[in-house]
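Morning, everyone. I have one structure to go through today, and I will take it chain by chain. Please have a look at it first.

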Amino acid sequence: MQQPGRAAEIKAIGIGKSFGSFRALDNLSLDIGRGEFLTLLGPSGSGKTTFLMILAGFVQPTEGRLFSDGVDITDRPAEQRAAGMVFQGYALFPHMSVEANIAFPLKVRKKSAADIKRRVGEMIERVGLKGHEKKLPAQLSGGQQQRVALARALVFEPGVLLLDEPFSALDKGLRGQMQAEMKRLHQETGTTFVFVTHDQSEALALSSRVAIFNHGKLLQVGAPDEVYDRPDNRFVAEFLGEINMLPLKGVRPSDYGSTGLCEDRAVSMRCKAEAVRGDAILAIRPEYMSISGEAAAGENGIAATATNSTYLGAATRLDLTTRQGAKVTVSVPNEVAAAALSKGNSVWLTWPAEKGFLLPHGGQ
Amino acid sequence: MRSYLSDRMGAALLMAPLLLFLVLAYAWPFLGVVKWSFTLPSPGLGQYEALLTDDLVQSVFIRTLRIAAIVTVVSVAAAYAITVVWVRGTPAQRLIAEFCILVPFWISVLTRAFGWVALLSNRGLINTWLQAIGFISEPLALVRNEFGVIVGMTHFLIPFAVFPLASAMRSLDDRVLLAARGLGSSRMRTFWTVFVPMTRSGIIGAAMIVFVFSLGFFVTPAILGGGRSVMIAELIYLRIFQSPDWGLGAAISVVLVLFVGALMALLFRYVRPNQLI
């Protein structure tokens, strides 16, 4: 976070934070790579924002150390860390014009007037605020305020940009637009971005890696497809999107990966049954399941009855119940759904072996 | 939807006693004062002409404006410091600040004025101590002059400046201050370039209230000025009760009321009434 213009590499070791008896963060260790776009994802109260505030220097951790480019910055106050930060609600200076807001961090750093003018001008151009230089924040739309906040946080070329739910106040269309813009800014500046959100689709769409938090613990870190397709535990699996869970018996390793019994039918998984033996849960995302008249020999499949359908335009969401009463949801082409419902009785749910994964039975 | 109308009527009914009281006890008698200013001792604009030419009246006006201006600056500055502690301090600091703000409210203005006389007079606490430690040989003239008046008025008016300031400071978004620090601004710089400008409406409100109150101050200047530092209200009193010069006293009153009214109108262009409490 010190040399301007150079993306920072951050290392958190054993970070913990207690507020009285409330444990906001517990033993968190995480490496944030130079120039990466890391998203901290979790429900409210999961500790993601607390961690962001610790990175910014606004909150002191009760335990652990924080390093930036190898330098211990745990006790360094926020104003000396100078990470760029975009707050929820933007926190613009209401009494300053757009220009003055963006110039603020440069003035603090005692840059020359000519330098400030040039860099502010460039930044205003880059975030598309030309013509709004003299306006006050209150005269701008939400999206424009967002751009000012981004420009102000990036103009002094911080090593890391911290973003606390920056899009939560925007409507859906604008949100998509700002997400694309932020991705572009990340590519252009090459700065390390740490982004907090509770919106899993936003996290998956934007990040190079996602860190999932719950109850003050970091549960899993990985690339979006990694955490989505191979979650370590049930919370991560459920938080990242809809998922079907089927009870599995007699799980054991096989040459291929692992096998088990699902409603008395042998099924196979590509993943290894390392931690899981005997009873387990087989988890499959709805979009990876399909419906057919009969499962081919050796194919993964169970029998189920369609109970309800919801037309979604491009596809239909079909709710089914298996013979042993498990509820399953699939997303299928509209005509397939119609056919399944009209049959009234049993259809086959099938899925490729590499799309199912094992979760420990019960618990998290 | 039940009753926008009847709610409004309810509100009007609740306000009626106050309005009636103001009309009967204030507006109506004041019209009488206005009448005196044009009729006593003889009908015409003579009293207003006298206002413009009378050296004593002019010097009292100027002194009043000067004292009010000084008291305003000192009170608002002191109140700002107290309010920062009251609104943003630790719980213990808040308690102490609250005590300092509220206790003066419970003590009458008269008591406080005499309290200051006891502290500031030639044989008062401050002069006695300063002489005892050998810091001065002759007592300092701390009272029966403008200095004493300013001290007493400032002390009285600080709490009135605190409320508009507190209201402005409370409505300030903490994240904006965090943002400033996150952008590299020291606490000092953040205070001066972000915190103070963002409480501008509170500063304007506090200054206007103190200034307007100062213009009409009577008891404190009468006691602490000792007749040597006469302000407008005391001059009006002297003209009406000690010299039979009702016409001139009335004319000064009218000018004072118009001036204060103009200031209030200006004040409410900048701040809403609910920001003042």
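Before the order of elements, a word on terms: a helix here is a DSSP run of type H or I with at least four residues, a strand is a run of E with at least two, and both are numbered from the N terminus. Keep in mind throughout that this is a predicted model.

I will start with chain B. Its elements, read from the N terminus, go α-α-α-α-α-α-α-α-α-α-α-α-α. As a tally, that is 13 helices and zero strands. Along the principal axes, the C-alpha atoms of chain B fill a box of roughly 75 × 70 × 30 Å.

Next, the domains. Chain B splits into domain 1, residues 1-39, and domain 2, residues 42-275. Taken over C-alpha atoms, the centres of domain 1 and domain 2 of chain B are 29 Å apart. Six residues from domain 1 of chain B and eight residues from domain 2 of chain B make the contact. What classes of residue does domain 1 of chain B bring to the side that touches domain 2 of chain B? There are four nonpolar residues, two polar and no charged.

Now one helix pair inside chain B. Helix H12 of chain B covers residues 232-242, and helix H13 of chain B covers residues 246-270. Their axes come within 7 Å and cross at roughly 155°. Angles over 145 degrees count as roughly antiparallel, and H12(B) and H13(B) are therefore roughly antiparallel to each other. The crossing of H12(B) and H13(B) is left-handed. From H12(B), the contact uses B:Ile232, B:Leu235, B:Ile236, B:Arg239 and B:Ile240. From H13(B), it uses B:Trp246, B:Leu248, B:Gly249, B:Ile252, B:Ser253 and B:Leu256. By class, the residues of this contact of H12(B) with H13(B) are eight nonpolar, two polar and one charged.

On to where the chains meet. Chain B puts 16 residues in contact with 18 residues of chain A. Which elements give two or more residues to the side of chain B that touches chain A? They are helix H8 (174-182) and helix H9 (187-198) of chain B. H8(B) supplies the largest share of that side, six residues. The side of chain B that touches chain A has seven nonpolar, four polar and five charged residues.

That brings me to chain A, and to two of its sheets. One is an open sheet of four strands in chain A, in the order E2-E1-E4-E5, with antiparallel pairing. Strand E2 (22-32) and strand E5 (71-72) of chain A each have a single partner strand, so one side of each is left without a neighbour in the sheet. Within this part, strand E1 (residues 10-19) and strand E4 (residues 63-68) of chain A pair antiparallel over five bridges. A:Ile10 stands opposite A:Ser68 in E4(A).

The other is an open sheet of five strands in chain A, ordered E13-E12-E11-E14-E20, again with antiparallel pairing. Which strands of chain A are at its edges? Strand E13 (265-269) and strand E20 (357-360) are the edge strands, and each pairs on one side only. From one strand to the next, the twist averages 45°. Strand E12 (residues 258-262) of chain A pairs with E13(A) in the antiparallel sense, over five bridges. There, A:Cys262 has A:Arg265 in E13(A) as its bridge partner.

That is what I have. Questions, please.

How values were computed. Residues are numbered from 1 along each chain as its sequence is written. Chains are lettered from A and ligands numbered from 1 in the order in which they are written. This is a predicted model: local features need pLDDT of at least 70, side-chain atom pairs count only at pLDDT 80 or more; totals for chains, interfaces and linings use all residues. Two residues are in contact if their C-beta atoms, placed from the backbone, lie within 7 Å. Ala, Val, Leu, Ile, Met, Phe, Trp, Tyr, Cys and Pro count as nonpolar, Asp, Glu, Lys and Arg as charged, and the others, Gly among them, as polar. Two strands pair if DSSP finds at least two bridges between them. Axes are lines fitted to C-alpha atoms, for helices over the stretch in contact, and angles run from 0 to 180 degrees between N-to-C directions. Angles under 35 degrees count as roughly parallel, over 145 as roughly antiparallel, 65 to 115 as roughly perpendicular and the rest as oblique. A crossing is left-handed if the near helix is turned anticlockwise from the far one by less than a right angle, and right-handed if clockwise. Domain bounds come from an automatic or database domain assignment.
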